[in-house]
Amino acid sequence: MGVHFDDNANTTWEAADPNLLSDSEGQHQRIESIPLQDLSNADVENMPEDDEGEDGKPKWVLLKRKNPIQKFFERLWNGPVEPSDEPPSFPQRWRWLKRIDDFPQTTFKAIIPNKFIRILLLIAYCCFWIRIFYFLIYPYLIKPPYFHPSDGSEKIPILSLSCNSYLNWEGTNNACGLNAKNCGPFDNKEYMVRCPALCDRGGWTYSAIAVGKRRVKYTGYEIGGGALFSEEDPMALSYPYRSDSYPCGAAVHAGVISPFFGGCTKVSMQGAQNAFPSRKGIYNTGFSIAFDSFFPGSYSFRDIQGGILSGCYDPRAAVVALNILFGLPVFYLYDSIYGYWINTIVGYWTLVLSLDPPLLTDAHDPTSVYELFSVGFQRLLPLCFVLYVVWKSAVKRTLEAGSPIAKVILWYPTFWLGISNNVTFDRLPVDRLTTKDLKEQAGALTAVGSIAATILTCAIIQAYSLWKSGRFRKYFKIYICFIGGLVALGSLPGLNLRIHHYILGSVLVPGCATRGSSAYLFQGVLVGLILSGVARWDFASIVETDVALLRGEAGASLKPPILEFNDQNHSLSWHLNATDSAIDETGTIDGFSLLLNDVEVYVGNNDTVSIDDLRMKDSQLARMMDNALDASNGTIDLYLRVARASVRSPTKRGDYTNAGILQWPDGMWQKPEPGVS
């Protein structure tokens, strides 16, 4: 008996007599051939014998001859021989967990077998849920807040502020007009104000604001102040803050209100101050901003006694907890389509009305509340289309016929994690993925690296899940198109690519269209980010102009002149660069604006201004300078900035210089650093 291998046919054993083969009992059987399989190579299993390659040989023979790297990439591209995409399951030894997982489809439907009755029960449950929701938000959102004095006098309305709004200050640079006349009164005035929750971070400034020689960004905008415990004046709760500080951020810094529940406080205007030292804040808010010179306005916080406050505490924590608890039974017991739509709509209105409202409302002005509802419905209709596409492209495959326990343990918590973006991911030290912002924010590069590593890890996990399901090739092509589109958008001249929350979620969620545990985790947080982004910022553009990215910062207007000081006559002078025209293209910018200690003190056509003349014309300025000199060691710092301006219009200004520092009256002059403010 001999062995013969034929290269042109399947490998066979052949006997000396090709028509006969004897077994151990001597019986003869007639055969043509007996094929053998190579069990060491899974790539050739189930390969048809007549599946020939280009040279006439079977493809499995050609594949066997390929190198391992080529075989790996072909296996990666084609997927596994037997694709699988099964939902999470539990072993038989965990029977109690299996019973919980089967409860919605077995016991619950057995208890209420009629689908119509189950729907009626769901409607009644949702109506009760909405009633409790309304009960929580009504005292804060709709009912006007008041202070009711105990002596029976007329109740005092409480003014509602956002975390980053001013009180009676108008804005930065020249916003308050010449000598800040539009931002009074500076003293002998008290306000009752209400602040929302989360002002420990909501009181940050995300656009650079000049404070003396500093440009303040990515920190709480509280200048001076700090908590005060005084036996002489037990009603005083804080040191004075500069008038342009955010009152609600300052109230948290001073420990007057809670960052968790907000609250009401009394703000007392304190007039001009000689300096505003930096002090450490309460609730881990860090140190306030220091300003070592005089300013025309300040305020401090005082205790509220002798009455009752109503409508002061922000219910957003209770609202979120309520909606999480009430949404859980719906998501667990009912079919996934009901749980998905009910919870996404509830999550959206939770954001709009409580957790992260897009507008500041004042219950004393009902039109502002109506406007909030109007904005909410305006964004809801296009959002529903996005949610429908997300359901059809990814969520339906994962949740339908999936594991109810996996939905509750994996999908649902991460969904609310994404909705609560303003208290979760937004607290990371990352504002925007631009080179300028990453350099300006401490810890941003480390945070971005961590986020990128997390996203990459999740992408690899989900790519493997897609590969196991046999759909890697399809989704690879889809995401190549996505990436190509983003690159094309990012290369448009004059525009900058901006990946907002809702864009990130919308782009990544189709890749989570599998049934494994990873899809439950990733889908929940991505759908939550879509809701968070649209509810707060609407469908913001994926490409934005340079001016839009500045968010009101300097850098988009006319360049400032060059500022100089003459010690002999105490005069400031400025002149334009040789390339700058005296009048801009519109013909409106024909003069100059001078700021002293961040307040506008001169607007006109002159290119020289004397400090002595300013003192003579403005008695308040002279008095503040003299008081500051008396309180110091004989010299004070004056921070001076100049910009091109319209003499006729109080709002048209170019960019200001950085602050030049003049030691008064010694005349020591420090030129402004390059750049604008």
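Visitor: At roughly what angle do the axes of helix α5 (residues 115-142) and helix α9 (residues 336-355) cross, and within what distance do they come?

Guide: Two helices that pack together can be described by the angle and the distance between their axes. In this structure, which is a predicted model, the axes of α5 and α9 cross at roughly 10° and come within 12 Å. An angle under 35 degrees counts as roughly parallel, and α5 and α9 are therefore roughly parallel to each other. On the α5 side the contact is made by Lys 115, Ile 119, Leu 122, Cys 126, Trp 129, Phe 133, Ile 137 and Leu 141, while α9 contributes Tyr 338, Ile 342, Asn 343, Val 346, Trp 349, Thr 350 and Leu 353.

Visitor: How do helix α8 (residues 316-333) and helix α11 (residues 404-419) pack, and at about what angle?

Guide: The reading goes the same way, with attention to chain direction. The axes of α8 and α11 lie 10 Å apart, and the two helices pack at an angle of about 150°. That makes α8 roughly antiparallel to α11, and their crossing is right-handed. Among the residues that make this contact are Asn 323, Gly 327 and Phe 331 of α8, together with Lys 407, Trp 411 and Trp 416 of α11.

Visitor: Which residues does UniProt list for "transmembrane region"?

Guide: A record can be laid beside the model and the listed spans examined in turn. The unreviewed UniProt entry lists residues 119-141, 317-334, 341-360, 372-391, 403-423, 443-466, 478-499 and 519-537 under that heading. In the model, residues 119-141 are 100% helix and 0% strand, with the end C-alpha atoms 31 Å apart. Residues 443-466 are 96% helix and 0% strand, and there the end C-alpha atoms are 34 Å apart.

Visitor: How many helices and strands does the chain have, and what share of its residues is buried?

Guide: Such totals give an overview before the details. The chain has 19 helices and 24 strands, and buried residues make up 44% of its 677 residues. Of the contacts with a separation of 6 or more, 71% are accounted for by residues 24 or more positions apart.

Visitor: Is strand β12 (residues 263-270) mostly covered or mostly open?

Guide: In β12, 7 of the 8 residues are buried, so that the strand is mostly covered. Strand β6 (residues 187-195) pairs with β12 in the antiparallel sense over 7 bridges, and Arg 194 stands opposite Cys 264 in β12. Strand β13 (residues 298-302) also pairs with β12 in the antiparallel sense, over 4 bridges, and here Ser 268 stands opposite Ser 300 in β13.

Visitor: What do β17 and β18 form, and how many residues lie between them?

Guide: Strands β17 and β18 form a hairpin with 4 residues between them, and His 570 in the turn has a positive phi of about 55°. Strand β17 (residues 562-566) and strand β18 (residues 571-575) pair in the antiparallel sense over 5 bridges, and Ile 562 stands opposite His 575 in β18. Strand β18 is also joined by 3 bridges to strand β21 (residues 608-610), running antiparallel, where the bridge partner of Ser 571 is Ser 610.

Note on methods
Residues are numbered from 1 along each chain as its sequence is written. This is a predicted model: local features need pLDDT of at least 70, side-chain atom pairs count only at pLDDT 80 or more; totals for chains, interfaces and linings use all residues. Side-chain values use heavy atoms; hydrogens and water are left out. UniProt positions are given in the numbering used here, feature names are shortened, and annotations may be inferred rather than shown by experiment. Buried means under 20% relative accessible area, exposed over 50%, partly exposed in between (1.4 Å probe, protein chains only). Two strands pair if DSSP finds at least two bridges between them. Axes are lines fitted to C-alpha atoms, for helices over the stretch in contact, and angles run from 0 to 180 degrees between N-to-C directions. Angles under 35 degrees count as roughly parallel, over 145 as roughly antiparallel, 65 to 115 as roughly perpendicular and the rest as oblique. A crossing is left-handed if the near helix is turned anticlockwise from the far one by less than a right angle, and right-handed if clockwise. Contact means heavy atoms within 4.5 Å.
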